[in-house]
Each structure stands twice: as C-alpha cells, then as structure tokens.
Amino acid sequence: MTDFCKLVNMPENDKQGLSVVTCTAPVNIAVIKYWGKRDEDLILPINSSLSVTLHQDQLKTTTTVACSRNFQQDRIWLNGKEEDINNPRLQSCLQEIRRFSRKRRNTGDSTSDASSVSHKVHICSVNNFPTAAGLASSASGYACLVYTLSQLFGVESEQLSAVARQGSGSACRSLYGGFVQWKLGTQLDGKDSLAEQVESESYWPELRVLILVVSAEQKSVGSTSGMHTSVETSQLLKYRADVVVPSRMEEMIRVIRERDFPAFGELTMKDSNQFHAICLDTYPPIFYLNNMSHRIISLVHRYNQYYGETRVAYTFDAGPNAVIYTLQDHLPEFVQVVRHFFPPEVNGEEFVKGLTVCSADLSEELKRDINMEPTPKGIRYIISTKVKH
Ligand code: DP6
C-alpha cells in the first residue's frame, strides 16, 4: 500500500476520547475493463482488469473517519449530505475492517493506537470532481473509506484490496499507484481476487492523461445494474471473459513494461470499444456513449491516421466522458486540435484545468486532413493530469 496521505491521527486516549484520521485516495481508469460479476455479494469479477491510477492533485476523494465511545451509531456523509449507513456495500467494508482489527488484536499484532473497534464511527467523504459522471467516484470513494478505516483501527493487511473490492469492484485498484491489475482469482471466498501493482507510478513518466468532460449529468444506467444485465443477456461478454481478456492482460502488461505507446494505445482503444460493444449486445441495450463521444473517437482516429501512428488513445467508462492517454510530446498539439474542433464557450472559465499544457500551432494541412466540422461547446472542459506520483 503506497503513497496515501494520512493527514491527522489523534490517539484514542485524548481528552474527548475521540480518534480522527483523514486520508485521500486516487481515481483509476481501466485500460482493460472490468465488466461482469461471477458473485454479486462478494463482488468477484468474471474477468481480470488493468488500470492506470491518476494523480491526486486533480482527482481525489478525501475521507475523514472519527471514532468515539460517545457516538451512538455509525453515520456517513458524502459530499456534505448524510447517506444511509445501512447500504450493504458500506456494511461489508465496515464489518470486514472491524473483523481484521479484532483478529489482529487477538493475536497481539495490532498497532497500539488501534482505536477501540467496538466504538461507532462517523465518516465524512468529499470528492473534488463530479460524482457519478463516469469519473469512477466509487473507486476512489471506497478505496479511501477502507484505507482510512484501516488506519484508524490499526489494520495492516495484504487483503485490504479484497475489502475495498466489496465496496465497489474497481475500488480495489485505487489502493495502488501506477499500473495496477486486478486478478480475478479462483477461490470461492474471493481471498485471491486482489489488486496488485504491475509497475510503479514513476515507470512511465511521459504518459499523460486528459479527461474530456462532455457532460456532468448523472449516468442513466449505473455500472452495477448495467453489468448485471450484460451477464444475463450478452453472449459476447462470455466470449470476452473466456477468450479475449486473458490474452489482452498479458499483452497489456508487456506493452506497459516496454513503454510501447502505439501498442498500449491501440489495445486501450480496442478494449474500450469491446466493452461498449457488449453494452450494445446487452438486452435491452445500454448506451453510455453519446454523439460527442463518437466525435471524439473519430477525431482521435483521424489525428492518428494523419501521423500514420497511434499518438493518442481514448477510453470510455460507463458514461460519455472520454479519457485520453498520450505522451507528453504530443500533448500540446492534441489539446490544440481539441480546442479547434470543439471550440469552447467563451465565458472566462478556463477550458483546460489541472496540469498546464503549453500552447501549440496547428498546421493548415492537419486541420484540412482531419476534415471534421467543428462542434462549438461540445466539450465543457478538459482536466489535464498524469499518472499518480
Ligand atoms: C466501466 O467498479 O463501478 O468503470 O463493482 O458494481 O461497483 P461495481 O462496479 P464498478 O464498475 C466499473 C466499470 C468500468 C470498468 C472498470 O473500471 O474496470
């Protein structure tokens, strides 16, 4: 477990009998997608997946957990609003962490400031990005919750990602930085369905990420119910899980280790396309991509075609926003291409948020060869970020 930011930790025996821990956790974006469960209670996937963890300066969840003998019940606030603590996934995470903590205490293993595991907790969690807009807020949310609870209760375990997984499948990958795989595992109890780091955050420093936000609206079909219907109805999904993903996982790990961007980009796009093909193969079909997503896909292919190599790659989760992977050298020009073909609203708000992108000139030839009608205000804003350091 690396690089989490633990801000406050007051020992339990302070004056008010209150312990407080605050941690942050990152978002991750899959390049080999997780879609479908073989066990819905334990959240065990039907295929392995692989993701890139993003830098927390631009996208993160911050969670504070307080624990006191004076608290009457467990409570949780998400982005300032109290939510139902009886949500079964929240309950699984709380119960699992408390079970680990008891186990450690019984074996005399626990770090001494492990707050009393019998005390109730108050949890407060905020994101610095819109929830449920296809930006994987459940991943950073549950990773942060589980990690913060583990700090509060003095739990250190290889199994922490299995606990986060029971909050939301993709959350297990947010416990590590860099390039992370979630191995599907074979055990019925899910103990071997864990995340592990493939390469660290510093392995490929030239890799850059852009999130093209086309809509901040809540998605129509959540991933949980969407993948449930896909498992029930899509034959393609079975083929993907049995045949396609096992070889793609190996290939993805290889191209990341070789820092082979054209191969990484091509595989990333193909896997995103296959995931959305499965959504169409689901009955009734699920549409996560909209017109703007399709235009972004065309733009990326035309741009790559102009250079005769894959310089930029897209991937889409359960929503219309695009996540673009590219290399630092190609970033300024591609952002300028996006600006040209999706002229932003001129209202003073910055179009590119996050990491600064240098300006670049576009050649007339490039604009002509891309040959697309500009779509004014098609993209609301861009978040410029990179792999978590
Ligand atoms: C398309 O992890 O949100 O983003 O396990 O039901 O909570 P649950 O689903 P979730 O699904 C993420 C799906 C995805 C692909 C991915 O992140 O691998």
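**A close look at helix α1**

Reply: In this predicted model, α1 is followed by Gly108, a residue whose phi is positive, near 70 degrees. The helix itself covers residues 88-106, and because 19 residues at 1.5 Å a residue should span 27 Å, the 26 Å between its end C-alpha atoms agrees with that expectation. At the start of α1, Asn87 brings a side-chain oxygen to within 2.8 Å of the backbone nitrogen of Arg89.

Along the helix, the buried residues are Leu90, Ser92, Cys93, Leu94, Glu96, Ile97, Arg98, Phe100, Ser101 and Arg104. The elements that cover these buried residues include the strands β8 (75-78) and β10 (120-127), together with the helices α2 (137-152) and α3 (160-165).

Gly169 places a backbone N or O atom 2.7 Å from an oxygen atom of the ligand, while for Arg173 a side-chain N or O atom is 2.8 Å from a ligand oxygen. Taken alone the ligand exposes 460 Å², of which the protein buries 94%.

In total, 18 residues surround the ligand, and the closest are Tyr34, Lys37, Arg89, Ser168 and Ser170. By class, this shell has 7 nonpolar, 6 polar and 5 charged residues, and its largest share, 3 residues, comes from helix α4 (residues 223-233).

Key:
Residues are numbered from 1 along each chain as its sequence is written. This is a predicted model: local features need pLDDT of at least 70, side-chain atom pairs count only at pLDDT 80 or more; totals for chains, interfaces and linings use all residues. Side-chain values use heavy atoms; hydrogens and water are left out. Helices (H or I, at least four residues) and strands (E, at least two) are DSSP runs, numbered from the N terminus. The expected span of a helix is 1.5 Å times one less than its number of residues. Buried means under 20% relative accessible area, exposed over 50%, partly exposed in between (1.4 Å probe, protein chains only). Contact means heavy atoms within 4.5 Å. A polar contact is a pair of N or O atoms within 3.5 Å; within protein, one must be able to donate a hydrogen and the other to accept it, and residues adjacent in sequence count only if both atoms are side-chain atoms. A residue is near a molecule or strand if one of its heavy atoms lies within 4 Å of it. Accessible areas come from the Shrake-Rupley method with a 1.4 Å probe; for residues, only the protein chains shown count as cover. Ala, Val, Leu, Ile, Met, Phe, Trp, Tyr, Cys and Pro count as nonpolar, Asp, Glu, Lys and Arg as charged, and the others, Gly among them, as polar.
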